[in-house]
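Subject: Structure handover

Hi,

Here is the structure I promised to pass on. Please open it next to this email, and my notes follow below.

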Amino acid sequence: MWQKVSELLGLTGEQNGGKANELQLATAALMAHVAASDGDFCADERERLSDCMTEHFWLSSEDADDIIEQALAEKQDATDLYRFTRTISKELDQDGRQEIVRLLWQVAFADNRIDNFEANVLAKIAGLLGVTEQDRIQIKHEVEASIA
């Protein structure tokens, strides 16, 4: 998405790459955090995370995998989620933040079940992003219906 906007505005990767990269890293880190919150970051969740990154940010599979690896390393070093949610909140409007919550639900549903830990972490992240409980639940139902 950022790549397309950049192309339309005539910006090169050097001019906007830092911010887009921060947003991509933050998004990947939050998705990985949700996926691992139930104690099992399974192959289906990893594959869905990669798919979300390639589809949402218009990345190649290799670029998405590189960003995911960076995000996993940064997630390990992070003491809280605020660093990642702050980056997203700073860069995206309400619709964009809701789209991030949609990605989080997609990753959470990748293993065909929502664990209480995943639901709680997702609720916390959505709250930090300023997405209301009503919107979070509506997005959950939309994602659930799309995969059923």
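Does W58 count as buried, exposed or partly exposed? At 48% relative accessibility, W58 counts as partly exposed. The cut-offs: buried is under 20% relative accessible area, exposed is over 50%, and partly exposed lies in between (1.4 Å probe, protein chains only).

Two notes on the source. This is a predicted model: local features need pLDDT of at least 70, side-chain atom pairs count only at pLDDT 80 or more, and totals for chains, interfaces and linings use all residues. Residues are numbered from 1 along each chain as its sequence is written, and side-chain values use heavy atoms, with hydrogens and water left out.

**Overall**

The protein chain has 8 helices and 0 strands. Both are DSSP runs numbered from the N terminus: helices are H or I with at least four residues, strands are E with at least two. Of its 148 residues, 43% count as buried. Take the contacts (heavy atoms within 4.5 Å) with a separation of 6 or more: residues 24 or more positions apart account for 71% of them.

**Core**

The largest nonpolar core has 40 residues. Such a core is a set of buried Ala, Val, Leu, Ile, Met, Phe, Trp, Tyr and Cys residues joined through side-chain atoms within 4.5 Å. M31, M53, I88, V101, W105 and I125 have the most contacts inside it. Helices α2 (13-36), α3 (43-57), α4 (61-77), α5 (82-91), α6 (94-108), α7 and α8 (133-147) each supply at least two residues of this core. α2 gives the most, with 10 residues.

M53 touches several residues beyond four places away in sequence, among them M31, W58 and I68.

**Helix α7**

E118, V121, L122, I125 and A126 are buried in α7. Down the helix axis they fall within an arc of 135 degrees, so they line one face. The arc is that of the directions from the axis to the C-beta atoms. The face turned away from the buried side carries the exposed N116, F117, N120 and K124.

D115 caps the N-terminal end of α7, with a side-chain oxygen 2.7 Å from the backbone nitrogen of F117. Just after α7, G130 takes a positive phi of about 80 degrees.

**Aromatic pair**

The structure holds 1 aromatic pair. W105 and F109 form it, and it is tilted: 5.9 Å centre to centre, 35 degrees between the planes. Rings of Phe, Tyr and Trp (its six-membered ring) pair if their centres lie within 6.5 Å; planes under 30 degrees apart are stacked, over 60 edge-to-face, the rest tilted. W105 is buried at 2% relative accessibility, and F109 is buried at 8%.

**Loops and one buried glutamine**

W58 sits in the loop between α3 and α4. It has a positive phi of about 55 degrees although it is not a glycine. N112, in the loop between α6 and α7, also has a positive phi, near 65 degrees. N112 is exposed, with a relative accessible area of 67%.

Q98 lies in helix α6. It is buried, with a relative accessible area of 18%. Leaving aside neighbours within four places in sequence, Q98 is in contact with V131, D135 and I139.

Best wishes

Methods
Polar contact = N/O pair within 3.5 Å; in protein donor to acceptor, adjacent residues only side chain to side chain.
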